[in-house]
Amino acid sequence: MACAASAAVATVGLAVSPASAAPAKSATATQVRPGDACTAADLGTRHPYIKTTEVFPEITHFKGWYVTQGSTGNQSVTTSTQTTISVSVGLNGNVQGSFAVETLGTVGASLGLNVQVNYSSTSSESNTVTWNFSRPGYYGVYKGTKKVTGTYASLNCNRIQQGDGGWALKWIEGPGSGSFTTYTTLEEGAVRCEDTVPANSIMAKAKGLLDCGPPAAKAEHPAGAVAPTAKQTQDRLVQRPAPTSGTSAEQPKATGRSAQAALNCQPAVYRIDVPGKSLNWSAPLLANDGTRLRESTFFSAHLDNWRLCNVTENNGVLEASLWNWGNGGCATIPANIANQEQAYLTTATCGEDDLQRFYIYRDVPGSTKIGLQNKYTGSMMGHDRYADGELIRQYSSGRQDGTGTYTLTAV
């Protein structure tokens, strides 16, 4: 262990749960920004756009410690929890899906920091720091990190009318937005009252927790732990993390199932096709099944026929319920699995429910290619592989191979 020179620190591993922490990768060669060009293959995808960031030091574990002339050398100090930081995107309390991971990776790239991108926690349990105290004095023994917070938006590909009247596909700021919290690698160290430390550093934050007034710094004390100061106790109460339950910040509140809703459906009937191929969305005949890719035949019983209902438009993006002619239900993500990556699409009794509302992103006029996004979950619709019977599922970032782009074909 390194000797305790002034304001010494060491980088250590993290106590994490349930997945191991992983630092964000370095800046990528390209990052999608509003107004950048996109292609029809991007209609079924989305990317995060970081709007604001804030970085500040945070002490996770701390203990005031006196080292007397006869007690120098290696000592193990059991620190007390000061505050706990968990990684989150939105208010889900953990990180699920490629969109959340990409959000945090983009944060790290934009700030030039290695931040945690899997769900992890700095631990709420006491933590031991082993340190070689080379000289007597009054120390603050700590573990700390840089807490990174901010807000993000969702970028989606959609058609935009140009100043000359023409059309182009560009990345626009979509409906989904929220906040994030993450942190950098955990550090540990010991700092004394008389040490000079960089401003706004983790060491400075730890030094601020010491009772560095003349009586405390100069009086004779026995070696060992020091009772928390009033400031330390107050800071611990203030900095306790808020509960992480609740609806994600990027998700409108679902209103729950209700009786059959009175839908205002457009007269046109559509198939939702895989472009240039024969399979299309077919609603389930049985309530416990999902919407699958099927080939239209005489026996399809209108399960492959859809209408757009209660349609609204905002900034060129359609919002609609998808009513199925064959079973009379509306396309939806099941509420009990809505928070899961790759949850399947099905149909249910139509109601006032954001799980049944979809944003529709369109190609330029003349093309019927679209991408679909669930309003409540924020995820894009797609399929794993082109095969008869393959389920339509949600993917938080969409299918980056273009399999989330469909064709809205009038019947």
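Guide: A disulfide is a pair of cysteine sulfur atoms within 2.5 Å. One such link joins Cys330 to Cys350, with an S to S distance of 2.1 Å. Please keep in mind that this is a predicted model, in which local features need pLDDT of at least 70 and side-chain atom pairs count only at pLDDT 80 or more, while totals for chains, interfaces and linings use all residues. Residues are numbered from 1 along each chain as its sequence is written, and side-chain values use heavy atoms, with hydrogens and water left out.

Visitor: How many disulfides does the structure hold?

Guide: The structure holds 3 disulfides. For the link of Cys330 and Cys350, the torsion about the S-S bond is 95°, and the link is right-handed. Cys330 lies in strand β15 (residues 330-332) and Cys350 in the loop between β16 (346-348) and β17 (357-362), so the pair ties together parts that are 20 residues apart in sequence. Strands here (E, at least two residues) and helices (H or I, at least four) are DSSP runs, numbered from the N terminus.

Visitor: Is Cys330 buried or exposed?

Guide: Cys330 is buried, with a relative accessible area of 0%, and Cys350 also counts as buried, at 1%. Buried means under 20% relative accessible area, exposed means over 50%, and partly exposed is in between (1.4 Å probe, protein chains only).

Visitor: OK, what does Cys38 pair with?

Guide: Cys38 is joined to Cys157 by a disulfide with an S to S distance of 2.1 Å. This pair links distant parts of the chain, 119 residues apart, with Cys38 in the loop between β1 (8-11) and β2 (46-67) and Cys157 in strand β6 (residues 137-161). The torsion about their S-S bond is about 85°, so the disulfide is right-handed. Cys38 is buried at 9% relative accessible area, and Cys157 is buried at 0%.

Visitor: And which residue is joined to Cys265?

Guide: Cys265 is joined to Cys309, with an S to S distance of 1.9 Å. Cys265 lies in the loop between α4 (230-238) and β10 (270-273) and Cys309 in strand β13 (residues 306-314), so the pair ties together parts that are 44 residues apart in sequence. Cys265 is partly exposed, with a relative accessible area of 27%, whereas Cys309 counts as buried at 0%.

Visitor: New topic: which residues have the most contacts inside the largest nonpolar core?

Guide: A nonpolar core is a set of buried Ala, Val, Leu, Ile, Met, Phe, Trp, Tyr and Cys residues joined through side-chain atoms within 4.5 Å. The largest one has 29 residues, and those with the most contacts inside it are Trp281, Leu322, Leu345, Leu372, Met381 and Tyr406. Its largest share, 3 residues, comes from β14.

Visitor: What is Leu372 in contact with?

Guide: Contact means heavy atoms within 4.5 Å. Leaving aside its neighbours within four places in sequence, Leu372 is in contact with residues including Trp281, Leu322, Met381 and Tyr406. Apart from this core lies another, of 15 residues, among them Ile85, Val95, Val115 and Val117.

Visitor: Where does the pLDDT stay under 50?

Guide: The pLDDT, the predictor's confidence in each residue from 0 to 100, averages 84 over the chain, and 80% of the residues score at least 70. It stays under 50 over residues 1-8, and it is also below 50 over residues 240-259. Where pLDDT is low, the predicted coordinates should not be read in detail.
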